There are 2 protein chains.
Amino acid sequence: MKHSKGILIVISGFSGAGKGTLVKRLLSDYDNYALSISMTTRAPRNSEKDGVEYFFVTKEEFEKTIEEGGLLEHACYCGNYYGTPKKYVEEQLALGRDVILEIDVQGALQIREKFDDTLLLFVTPPSAAELKTRLEGRQTESAEVIANRLSRANEESGWMKEYDFIVVNDDLDECVVNTNSMIEAAHCTPIRSSALINNLQEELKGFSKGDN
Amino acid sequence: MKHSKGILIVISGFSGAGKGTLVKRLLSDYDNYALSISMTTRAPRNSEKDGVEYFFVTKEEFEKTIEEGGLLEHACYCGNYYGTPKKYVEEQLALGRDVILEIDVQGALQIREKFDDTLLLFVTPPSAAELKTRLEGRQTESAEVIANRLSRANEESGWMKEYDFIVVNDDLDECVVNTNSMIEAAHCTPIRSSALINNLQEELKGFSKGDN
């Protein structure tokens with residue numbers, strides 16, 4: 001199916017939509033994906049490890065990386081910096097792999113501005129009621145943090161129409177397969193099939209001129 | 001995966017690309033598709049039956065249907081009329097089924113002008129050399145007809161970039177699964193998920209106002 005090079009895939013979505021779990025499953029179930037690890041100044045949660053979920057750095061280190069032009073995009077969310085180191089993404093795309101970035105709406109739109117064939121996926125539970133239930137069930141967050149996340153979700157929902165596909169995360173197994181299908185389909189858009197189209201056109205032109 | 005209504009799907013592609021076989025397999029392997037049967041003034045091939053591959057009609061009957069506004073689109077190809085009867089398509093879409101039209105490039109662009117969320121798929125063999133081999137292997141067509149079809153393919157290839165997805169028909173089984181994936185993915189674009197997005201936005205707005 002893939003008649004194109006590696007795609008830069010941005011996965012955004014409401015906090016609590018299950019983006020992290022979805023991304024882990026894509027990486028473990030299929031072998032064509034590479035994960036871009038973000039850099040952040042926020043504190044690690046319980047089980048998070050440096051270089052796995054994020055590169056955890058200080059505010060000073062983060063700002064130095066911005067100055068050096070080492071980030072594809074960066075954003076500030078809830079008082080913390082988040083950004084995408086450039087080098088790894090470029091290396092993996094050059095190897096023909098699909099690179100997944102799990103970043104917020106601000107970052108997603110920054111990325112698309114720079115790379116117009118970026119694929120934008122927005123992950124959501126089937127309803128906002130379900131989102132609230134999941135956030136409350138997580139039990140690592142205070143009521144205030146949950147209220148902040150719902151308010152943020154309200155803002156983010158205004159940007160859903162800018163994305164290429166809306167990924168409904170209801171049943172996780174289904175969601176993983178569907179997301180992979182969307183990415184495979186994206187490989188088959190004309191803009192990402194230009195080598196195939198150009199070859200066909202050259203060959204057909206030859207036949208019309210009476211070549212064999 | 002499907003959080004949207006039925007989609008009108010146009011399948012075009014080079015003569016000899018295997019569109020007909022692909023469409024038959026989509027209809028037999030999945031239960032969400034309905035086939036729109038075209039009307040034509042061309043003569044039936046060996047095994048073709050009226051009301052199965054096409055509705056075979058006279059030039060006079062065809063022109064009467066045009067006058068009565070009974071066609072979604074129509075085109076003239078190799079001296080024969082081809083058109084899509086309107087009523088059946090509208091009925092099936094209303095029932096929530098995905099309706100497949102197998103029509104040429106001219107017709108496809110006419111349809112998209114009228115219905116802007118039509119999904120356009122273009123079927124091609126992996127190369128033009130393979131297309132030529134398949135046309136020659138068919139053995140029902142004269143050398144002149146084959147040359148005409150290749151020349152037509154040359155013209156049609158200029159329109160591939162107007163389509164949503166390029167379907168490469170190399171291995172048929174793979175092609176059927178991939179095409180179905182593209183259609184499922186198409187159901188998840190924001191324009192076809194507007195009911196879902198609107199519901200989420202309404203609910204989230206309620207939460208932000210402090211509702212439960």
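Q: What makes two residues "in contact" here, and how many residues of chain B are in contact with chain A?
A: Contact means heavy atoms within 4.5 Å. By that rule, 46 residues of chain B are in contact with 46 residues of chain A. A word on the ground rules: this is a predicted model, in which local features need pLDDT of at least 70 and side-chain atom pairs count only at pLDDT 80 or more, while totals for chains, interfaces and linings use all residues. Residues are numbered from 1 along each chain as its sequence is written, chains are lettered from A and ligands numbered from 1 in the order in which they are written, and side-chain values use heavy atoms, with hydrogens and water left out.

Q: How do you know that the copies meet through the same surface?
A: Of the interface residues of chain B, 100% are also interface residues in chain A, so the copies meet through the same surface.

Q: What is the area that chain B and chain A bury between them?
A: Buried area is the accessible area (1.4 Å probe) that two parts lose on being put together, summed over both. For chain B and chain A that comes to about 3600 Å², with 69% of it on carbon and sulfur atoms.

Q: How many salt bridges does the rule find across the interface of chain B and chain A?
A: The rule asks for a side-chain nitrogen of Lys or Arg within 4 Å of a carboxyl oxygen of Asp or Glu, and across this interface it finds zero salt bridges.

Q: Why does A:Arg42 count as buried?
A: Buried means under 20% relative accessible area, exposed over 50%, and partly exposed in between (1.4 Å probe, protein chains only). A:Arg42 has 11% relative accessibility, so this residue counts as buried.

Q: What makes the pair A:Arg42 and A:Glu48 a polar contact?
A: A polar contact is a pair of N or O atoms within 3.5 Å; within protein, one must be able to donate a hydrogen and the other to accept it, and residues adjacent in sequence count only if both atoms are side-chain atoms. The side chains of A:Arg42 and A:Glu48 are joined at 2.9 Å, and the side chain of A:Arg42 also makes a polar contact with that of A:Tyr82, at 3.3 Å.
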